[in-house]
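Please look over the sequence and the model shown here before reading on.

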Amino acid sequence: MPPASDSDPKPGHLYVVGTPLGNLEDMTFRAVRMLQAVDLIAAEDTRHTGKLLAHFQITTPQISYHEHNRHSRIGEVLHHLQARQHAVALVSDAGMPGISDPGYELIAACVEAEIPVIPIPGSTAAITALCVAGLPSDRFVFEGFLPLKGKERTARLEAIAQENRTILLYEAPHKLIKTLEDLVAALGGDRPVTLGRELTKRFEEFWRGTLGDALAHYQAEAPKGEFTVVIQGASREAPVLSNEAIRAELEQLLRQGMSRADASRQLAKATGQSKKAIYQLSLGIDSDGFPN
């Protein structure tokens, strides 16, 4: 152990500790030292984290903190911290706590209670994938997991379709094809994308191409492992047209004999706007290009 210093855990502080995505060699020296020195570790899955702790010979006690017990556990952890007798570390199953997991609620509760929250940086799947995606990384937006269904999912997809920044998503293998289908419908099949799976693990893989090709690829080859999806944003030069302007363009294309589907696809690609939304506008125009 290094000599004690001002950076050693302090009672009444919450330490948000990053852990490896998969490869244990990504664990930092600082993370190991902090987990050894705190009084308690709040872990998303104590069995999963127990294997990590055993590998690094860390014997600090754990309590579970996850989606299903977070409301009762927040009060318990706050009690440990507000008594100023214990230092507590928060860890997730992989990566940085608080990113698409319930850890953010505990962090927010500590901030509200004026309890110091100290980051111990580590891996994050979204940034790991972005770094090697080969897509613009000067501006990006993290969307996490899309809503499962309904109007909320549709609204999110329509917003993503107009987003100029590179878009980062997480997806589970059994939901990937449905998500790719919805992305193709909303963004068009030509949008560049990189999919990273099983990041830092034995079967790590990156697939690069277009959304349309990605859908075809994973329909033919069943998705396996957890995915991080990096999508190029809409063209920054693409015009943002009003519904009236899009309707006028649709009328012209339909008068030229183009089908609603083809006209909607062409305008979605040209404007970066939702193909579904444009198609809905086309339903108010008859097949000869005149308003119904």
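## Strand 1 and its neighbours

Strand 1 and strand 4 (residues 88-91) run parallel and are joined by 3 bridges, where strands are DSSP runs of E with at least two residues, helices are DSSP runs of H or I with at least four, and both are numbered from the N terminus; two strands pair if DSSP finds at least two bridges between them. Val16 has Leu90 as its bridge partner in strand 4. Strand 1 also runs parallel to strand 5 (residues 117-120), with 4 bridges joining the two, and here Leu14 is partnered by Val117 of strand 5.

Within strand 1 (residues 14-17), Leu14 and Val16 point one way while Tyr15 and Val17 point the other way, and all are buried; buried means under 20% relative accessible area, exposed over 50%, and partly exposed in between, with a 1.4 Å probe and protein chains only.

## Basis of the model

The model is predicted, so that local features need pLDDT of at least 70 and side-chain atom pairs count only at pLDDT 80 or more, whereas totals for chains, interfaces and linings use all residues. Residues are numbered from 1 along each chain as its sequence is written, and side-chain values use heavy atoms, with hydrogens and water left out.

## Strand 8

Of the 6 residues of strand 8 (residues 192-197), 5 are buried, so this strand is largely enclosed by the rest of the structure. Strand 8 is joined by 6 bridges to strand 9 (residues 205-210), the two running antiparallel, and Gly196 stands opposite Phe206 of strand 9. Strand 8 and strand 10 likewise run antiparallel, joined by 5 bridges, with Leu195 opposite Val229 of strand 10.

## Domains and annotation

The chain is divided into domain 1 (13-123), domain 2 (126-231) and domain 3 (243-283), with bounds that come from an automatic or database domain assignment. The centres of domain 1 and domain 3, taken over C-alpha atoms, are separated by 50 Å.

An unreviewed UniProt entry places the feature "domain: Tetrapyrrole methylase" at residues 13-214; UniProt positions follow the numbering used here, feature names are shortened, and annotations may be inferred rather than shown by experiment. The span 13-214 is 39% helix and 21% strand, and its end C-alpha atoms lie 45 Å apart.

## The largest pocket

The largest pocket holds about 1100 Å³ of space. Its lining comprises 35 residues, and those closest to its centre are Glu44, Asp93, Ala94, Ser100 and Phe145. A pocket is an open set of points on a 1 Å grid over the protein atoms alone, where a 1.4 Å probe fits, with protein on both sides within 12 Å along at least five of seven lines, and lining residues have an atom within 4 Å of a point; grid points are joined across faces, edges and corners, and a volume is the space filled by probe spheres set on the points.

Helix 2 gives the largest share of this lining, 3 residues. Domain 1 and domain 2 both contribute residues to the lining, so the largest pocket lies between them. The lining divides into 15 nonpolar, 9 polar and 11 charged residues, where Ala, Val, Leu, Ile, Met, Phe, Trp, Tyr, Cys and Pro count as nonpolar, Asp, Glu, Lys and Arg as charged, and the others, Gly among them, as polar.

## The second largest pocket

The second largest pocket has a volume of about 360 Å³. Of its 23 lining residues, Leu187, Asp190, Arg191, Ala268 and Lys269 are the closest to its centre. Helix 10 gives the most to this lining, with 5 residues, and because domain 2 and domain 3 both supply lining residues, the second largest pocket lies between them.
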